[in-house]
Amino acid sequence: MTDSKYFTTTKKGEIFELKAELNSDKKEKKKEAVKKVIASMTVGKDVSALFPDVVNCMQTDNLELKKLVYLYLMNYAKSQPDMAIMAVNTFVKDCEDANPLIRALAVRTMGCIRVDKITEYLCEPLRKCLKDEDPYVRKTAAVCVAKLHDINAQLVEDQGFLDTLKDLISDSNPMVVANAVAALSEIAESHPNSNLLDLNPQTINKLLTALNECTEWGQIFILDCLANYTPRDDRESQSICERVTPRLSHANSAVVLSAVKVLMKFMEMLPKDLDYYGTLLKKLAPPLVTLLSAEPELQYVALRNINLIVQRRPEILKHEMKVFFVKYNDPIYVKLEKLDIMIRLASQANIAQVLAELKEYSTEVDVDFVRKAVRAIGRCAIKVEQSAERCVSTLLDLIQTKVNYVVQEAIVVIKDIFRKYPNKYESVIATLCENLDSLDEPEARAAMIWIVGEYAERIDNADELLESFLEGFHDESTQVQLQLLTAIVKLFLKKPTETQELVQQVLSLATQDSDNPDLRDRGYIYWRLLSTDPVAAKEVVLAEKPLISEETDLIEPTLLEELICHIGTLASVYHKPPSAFVEGSRGVQHKRISGNAVSGESVESPDNGSAAGVTEAPPAVIQSHGDLLGDLLNLDLTPPTTTGPPPPSSSGMQMGAMDLLGGGLDSLMGDESEPLGGDLGGNPAMGAGFGGPPAVMPASFNAPVGGGLDDLFDLGSGVGMPMGAFNPPKTVWLPAMKAKGLEISGTFVRRAGVIQMEMNLTNKAMSVMTDFAIQFNRNSFGLASAGPLQILTPLSPNQSIEAALPLSTVGPIMKMEPLNNLQVAVKNNIDVFYFSCQYPISMLFVEDGKMERQVFLATWKDIPNENESQFQIKDCHLNSDAASNKLQSSNIFTIAKRTVEGQDMLYQSMKLTNGIWVLAELRVQAGNPNYTISLKCRAPEVNQCVFQNYESVLKN
Amino acid sequence: MIGGLFIYNHKGEVLISRVYRDDIGRNAVDAFRVNVIHARQQVRSPVTNIARTSFFHVKRSNIWLAAVTKQNVNAAMVFEFLYKMCDVMTAYFGKISEENIKNNFVLIYELLDEILDFGYPQNSETGALKTFITQQGIKGQTKEEQSQITSQVTGQIGWRREGIKYRRNELFLDVLESVNLLMSPQGQVLSAHVSGRVVMKSYLSGMPECKFGMNDKIVIDKQGKGITTDETAKSSGKQSIAIDDCTFHQCVRLSKFDSERSISFIPPDGEYELMRYRTTKDIILPFRVIPLVREVGRTKLEVKVVIKSNFKPSLLAQKIEVRIPTPLNTSGVQVICMKGKAKYKASENAIVWKIKRMAGMKESQISAEIELLPTNDKKKWARPPISMNFEVPFAPSGLKVRYLKVFESKLNYSDHDVIKWVRYIGRSGIYETRC
């Protein structure tokens, strides 16, 4: 019997004919006709006109025919909702059929018909099927709940199906359990906050039991669900790991990868010194390697995941370099991924082999692959110092092949090698110069120009070479233009006599004939600099550049952490969080590695040193652009001759915008005497900010800075303000996500008259942090650090350090909104980060704030009434004496107490560090939890703050 | 989960289209055709994202299978499912071709309805599926039969049905290995590994409990430490091998393997793959290829290749083929070989040298002169590696089957009544020597 004939009906009047056949009396003919309809449907023809005729065929004993009709229904019911109702009866009847296969078929199909009227009828049959005696029906019904939820979530909740579904997790049949888990996981995803899955040790135990018994697909559902669980402690974590590890030997790669996900996640909970931890690490390598003998598509998925795993835990695969060697017949997507991993695993131990391989690859056919291989050689040189020389000579060999794209790629990476090892390999410059003419890609041209400029003094005809580029200046890409400008300025500073004309030419090209603001601005800076102070110009432009770090294109740690939680899924293939490619609410919740994820683990391997490095924004292999900005930075730090904000700040700001507070704050942080930026290197924002003269606060500053942050601090202040003995918990001021891995939490305390800022600095990045410094923006009460930030030891990854910073109140003053807002800049070797926090105003109440009674009365009268503010403090259950005592510990002193008609009146005073007195009248009525407070002060702005302070003191 | 599944022919015409999720529309069918099948470039990734829709595809001969989704699905699972889908189709109607798919489209829809529910893969074991999805239509089933089907489909032993009976209980074990090698021109092994499979054909009655044993180093070392029984004394004399990693068919009790390293299972009926394994240590490389390429001026190459067989002289290797790549600008080739036949195949840019049989510890040689057309192509010839194909009657990893015991307590046959056959075949995987 061949069915292919159904595909070949292209006659006219086909629909009409089919209609006749569908209504035929002969069963065989009917079936034939339905098959024809389905074939037409498949190729995309519209056969919805036949709806009533097809539905008429539904009442049949022939299961095959029934299935075909159902298939048709699923496709067209939506377009013919009224007609679809005709089918309901049959469905309901089928759900009662004696044959479990038919019951399941009916409930399965009904769930796929997305017509409201039908879903109403679905509820009763579904309820029965969920409790059917046959597991086949139950497992189908479980999935049907997810279908129904997709159509009408409210209905599912109202009908209580979710509870029934939860009960199915305890079903005796493993496949029912697996499907229930799958359905619940999906439903839970669209309700991120619901406690739907409610994973607890008992359910976990059930899942782990089912794991051993269900189908390979069921195992995947269960493992993916397990990965969302957070074990209570390391013991539970270990016991789950022990029961999941056998899955690593499953033939199904998806089971293996999902098991790897669970293990990678739960491993974070285990103490590193545990024997089991080491065993687990060893067990992970072989299955990962085995994945590479799967079909190419799966290899690709595996390699993308291994790329993540290697970044997170390089120790797992460090001895398995060979398996990532590229095979001649690998598909290109496998080749490119393997290459990436090879570089990540390259170390001193295996570099010889890796280099030999890379050289082999660079003679292959695929251009992308060859380019990547050449680039990889350069990355090896930067990563493994001992190999640099060999890498350079390999690159030179490749340049000799004269294959155009190989040469260009090689030059780009050689530039980076120069940056990493200055004054070591400059002998090759001559060879590079020979290839000047063959460079036609902007990146390669820019790299070459950089080299010529940087080493102008060693290249006899540097001026000629650069001049040759100038001819087509306006046809070059921006990258090349900027580089050319800098290179010629460098050349001029090195050989001023011969190149004056050239430099004038390029400056006028850049400033007068160009529409590009970046180019123009940079041109002007050089121009001004050269004309004002050539010596300074030399110091700036020819300053020593910071070395580039070894590891490039690492995934940012917080993203990596999230991706590890998504091992095996599309997110791990794209290396993007699900929210980047999934629409709607689904999958938007961010997953995090739980538990003590931060407690220094990724560092224990000796290999990891190489994996460390600057992690996010500062491009490690510095592009020509960044390099120039580097020059600009140094510019700003030189003598304060600038009048007004310097022009480079525009480009500086762009970079600064990556920081959490954006450019606006940068210019506010000005304090020209602070040499913070000196050793900073590559961050122009910093340079621009700190180098510039103290700017006038722009009006716009009062606007909330970064909504998210504000929320955070509101939260922080809600938690409570420190009062005398009461020290509020530290709140996170600077989340690691926004500060390249540096997390700062802190609080303020006043002890024995000394204000201290107590901070907890945590390094959540992969590299060591050093050179900490802190500075405040001007603020309402002149808070300033009384000493340097005492962090003497470098902060290793995943380490935390406590720091207490004594504060003085003699700093520059500027009114902030809110009054107690403090803007802080913290710097380390990576970057400068900005955050703002609010300090409790009681910190500023001095110990001698008790006013004489007489003076109090006089002052109270003296302060005009419009300066008085009244507030309500609600829900406070202290009596007046207790309140008075409590307040006293925060240097709020009670001067007198009066009782009128059962109402206690407390008269209180406090004095701020800047000498401002605040007077208060607190009325406490016995039995009434609401206090009334009147505040009087010559500077009424503080009233709001003082009130908040009252509130938090009394309530803590 | 999987939102839809499409099958296309090489022209991009849809042969099968099954949509599981509402978020996948008909336009997805066209998007894949336009962006992937009709794309000018070579496929750069098996996963493609077009307008926030992800497409996973695999190709079988000239048929494209594509799974579509808009969610963050388990990518590994989707590919495993697509492979499984191919296996199931092959088991039902043979080769996956346009004709076969068109001929069986009703069946395929029926299968897709069963093995994928709302995009969630369900039981996809052919053994189970064949009990209730048949091309002959549904036979009248009794109630017992029905419940037997459903309990098998959902059960713990979904791969085997009850009540199987054979007059003769028989099983065949094939140890199939593919040996992979990458060797430098100087004869240094750059990488070598064996990926092996143990394929079992079982014709056993009832629900037999099987136990499989091989010369796995870990097991033998463990036994060696214990009291030396006769059996272990014998086996410890034999060489044991170190297995890097192995994976098992889902019938094998993994937790038992993890704790005791014993391989026990109830096998599916008929042919299936019991395990896969990988070894990298002490591999017997059956052949050594010694290349010698000399460029004589710009228009001539001299190639000499020696192959040496490296196994017991009593064994015979078969289907030996050596493929020596030639440059694209080859104009003519003269070949002399001592054994077998050699031919220059211009369309494949290679000299193919075939030898039917070759005993162990022998040596053979081919020499060729390759004439080149002068070109001004700057790019050097990439010199692809010399590859080899062969088949040998032993396992290059050194793996030996020690036992396969069968226990069936309910039926009256014992391990001794089962006729067992074991066969070892070693084939070349990617067996390359750079020149």
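Tutor: Start with A:Ile316. Beyond its neighbours within four places in sequence, A:Ile316 is in contact with A:Met264, A:Leu281, A:Leu284, A:Ala285, A:Leu288 and A:Ile309. Keep in mind that the model is predicted.

Student: Where is A:Ile316 placed in chain A?

Tutor: A:Ile316 is in the loop between α17 (296-312) and α18 (332-345) of chain A.

Student: Why does A:Ile316 count as buried?

Tutor: Its relative accessibility is 8%. Buried means under 20%. The value 8% is under that cut-off, so A:Ile316 counts as buried.

Student: Now the two chains. How many residues of chain A are in contact with chain B?

Tutor: 105 residues of chain A are in contact with 92 residues of chain B. The area buried between chain A and chain B is about 8,500 Å². Carbon and sulfur atoms give 55% of that area. On the chain A side, A:Thr42, A:Trp217 and A:Glu297 lose the most area to chain B, together 8% of what that side buries.

Student: What makes A:Lys67 and B:Glu110 a salt bridge?

Tutor: The closest N and O atoms of A:Lys67 and B:Glu110 are 3.0 Å apart. The cut-off is within 4 Å, for a side-chain nitrogen of Lys or Arg and a carboxyl oxygen of Asp or Glu. The pair meets it, so it is called a salt bridge. The count between chain A and chain B is 13 salt bridges.

Student: Which helix gives the largest share of the side of chain A that touches chain B?

Tutor: Helix α8 (residues 135-151) of chain A, with 8 residues. By class, that side has 52 nonpolar, 23 polar and 30 charged residues.

Key: Residues numbered from 1 in each chain as written. Chains lettered and ligands numbered in written order. Predicted model: local features only at pLDDT ≥ 70, side-chain atom pairs only at ≥ 80, totals over all residues. Heavy atoms only, no water. Contact = heavy atoms within 4.5 Å. Buried area = accessible area lost by both parts, 1.4 Å probe. Helix = DSSP H or I, 4+ residues; strand = E, 2+ residues; numbered from the N terminus. Nonpolar A, V, L, I, M, F, W, Y, C, P; charged D, E, K, R; others polar. Buried < 20%, exposed > 50% of the residue type's maximum accessible area, 1.4 Å probe, protein only.
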